[in-house]
Amino acid sequence: MKIDTENATVAGSAIDPHLRKGPRGYPMLPGGYGRSTYYTGAPSPYAIRGEGCRVWDDRGQKLIDANNNFTSLIHGNVHPEIKAAAVEAMSAGSSWGIPNLYEWELAELLLNRLPGLDQVRFTNSGTEAVMSAVRIARASTGRDKVVVTKGGYHGTSDLALVPGGPGYTRGVPQGVIDDVTTVPLNDIEHLTHVVESAPTNYAAIILDLLPNRAGLVSVSEEFARTARDLATKHGIVLIIDEVISLRLGYNGLSGEYGVQPDLLTTGKLIGGGFPVGAVAGLGSLMAEVDPTRSGNLPHGGTFSGNPVSMAAGAAALRLYTEDQVNRLNDLGDSVRQTVSKSIAGLGWEVRGRGSLLRAVPEGADKVAEDIQHRLWWATYRRGLLGSPANLLSLSTPMDDKVGAEIAEGLSAAIADVATAR
Ligand SMILES: Cc1ncc(COP(=O)(O)O)c(C=O)c1O
């Protein structure tokens, strides 16, 4: 297949991308998709090319990319410095069976931003990072159970699916489900009761401070601090999952809260657009995966710490300076304010924090999938690309003008959905 990126057409292939059928590709993927998370309720457009904060698709649409591959493209598409770093690394070899020095570089840049943490281990995804963090917590405490907040999303490992509720746990063994205690978000009494009634059962409390699947509602500072205090009191490991939220502060969102995790999981932006994940943590806990120690936990991953992800990630982190973090968060605040004003009275609200935004029906903690998809298509028609759950994330190529375009497109799309019969 030859994809003409300039003209956004697919040549030399039997696929008709507009009909979404043909002997290749589409029918060979379940439902036509390589990832279930792409699904928007109707056959999807295909991405052809991206540049800065824009993406072109095979239907001829030029879109503002506020999906950014689910928040990972913090510098938008094909940032020249990130591209140069990735090409330079790849030109010397895409991956090897001995360590490479780019791992040091990214580790140093990341740990400089996480002052309370000592060491980092790279993985290929956020899912793997959370899996590894939980394994470290269990091994170090000798306990099995973990506490999560209702609706939280921590990837697609068996354990991480449990907080999504029964709709997400088909195929997950009952034993795994039994080891996960789900508490309502921001319910301090419930969290305290759960932990205090059986403190020695719990290996970890996992917190995402701005959980998207739970409606992009912030964890209250009091709830986060209670989790920290309970963990300290009972020797439980506090895992703060910053796979998405790391972008919200120079020291991550936990840095903004002033709540210190024992282990912090991240991913997305720290790979510069390439596959990545990481667990950063206290030296005493990270020692569990130290292969020079006897009884250490097995941790591998053929492509973990590969030079391309590491080099691109290092370039991305270097470019995401404190000024850029603040500028992007201010831009997000201004988009949220503008949209909130223009949709007043429509029964919708725009939630989020800093550079992450999400429109939901007022007061909703769970938004029906068909409503999410209707809003996705309404924004798409107005030239704005969000996530299928309507999460919009900003990237550094966006300026005030693009912010205004996003606000206009989102406001109009919300009005379309709110007034549709
Ligand atoms: C908070 C959180 N944790 C974990 C993950 C899983 O990361 P990945 O998709 O890289 O496996 C995600 C993905 O969106 C996430 O938002």
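Me: At roughly what angle do the axes of helix α2 and helix α11 cross?

Reply: This is a predicted model, in which local features need pLDDT of at least 70, side-chain atom pairs count only at pLDDT 80 or more, and totals for chains, interfaces and linings use all residues. Residues are numbered from 1 along each chain as its sequence is written, and side-chain values use heavy atoms, with hydrogens and water left out. Helices are DSSP runs (H or I, at least four residues) numbered from the N terminus, and their axes are lines fitted to C-alpha atoms over the stretch in contact, with angles from 0 to 180 degrees between N-to-C directions. The axes of α2 (residues 80-91) and α11 (residues 307-319) come within 8 Å, and they cross at roughly 155°.

Me: Is α2 roughly parallel or roughly antiparallel to α11?

Reply: Angles under 35 degrees count as roughly parallel, over 145 as roughly antiparallel, 65 to 115 as roughly perpendicular and the rest as oblique. The orientation of α2 relative to α11 is therefore roughly antiparallel.

Me: How many nonpolar residues does the contact of α2 with α11 have?

Reply: Contact (heavy atoms within 4.5 Å) joins Glu81, Ile82, Ala85, Ala86, Ala89 and Met90 of α2 to Pro307, Val308, Ala311, Ala312, Ala315, Ala316 and Leu319 of α11. Ala, Val, Leu, Ile, Met, Phe, Trp, Tyr, Cys and Pro count as nonpolar, Asp, Glu, Lys and Arg as charged, and the others, Gly among them, as polar. With 1 charged residue and no polar ones, the number of nonpolar residues is 12.

Me: Which orientation do α13 and α14 have to each other?

Reply: Helix α13 (residues 369-381) and helix α14 (residues 400-419) have axes 8 Å apart, at an angle of about 135°. The orientation of α13 and α14 to each other is therefore oblique.

Me: How many charged residues are in the contact of α13 with α14?

Reply: Arg374, Leu375, Ala378 and Thr379 of α13 meet Leu410, Ala413, Ile414, Asp416 and Val417 of α14. Besides 6 nonpolar residues and 1 polar residue, the number of charged residues in this contact is 2.

Me: Which residue has a polar side-chain atom 2.7 Å from a nitrogen atom of the ligand?

Reply: The residues around the ligand (a heavy atom within 4 Å) include Gly126, Asp241 and Lys268. A backbone N or O atom of glycine 126 lies 2.8 Å from a ligand oxygen, and a polar side-chain atom of lysine 268 lies 2.9 Å from a ligand oxygen. The residue whose polar side-chain atom lies 2.7 Å from a nitrogen atom of the ligand is aspartate 241.

Conventions
Helix = DSSP H or I, 4+ residues; strand = E, 2+ residues; numbered from the N terminus. Polar contact = N/O pair within 3.5 Å; in protein donor to acceptor, adjacent residues only side chain to side chain.
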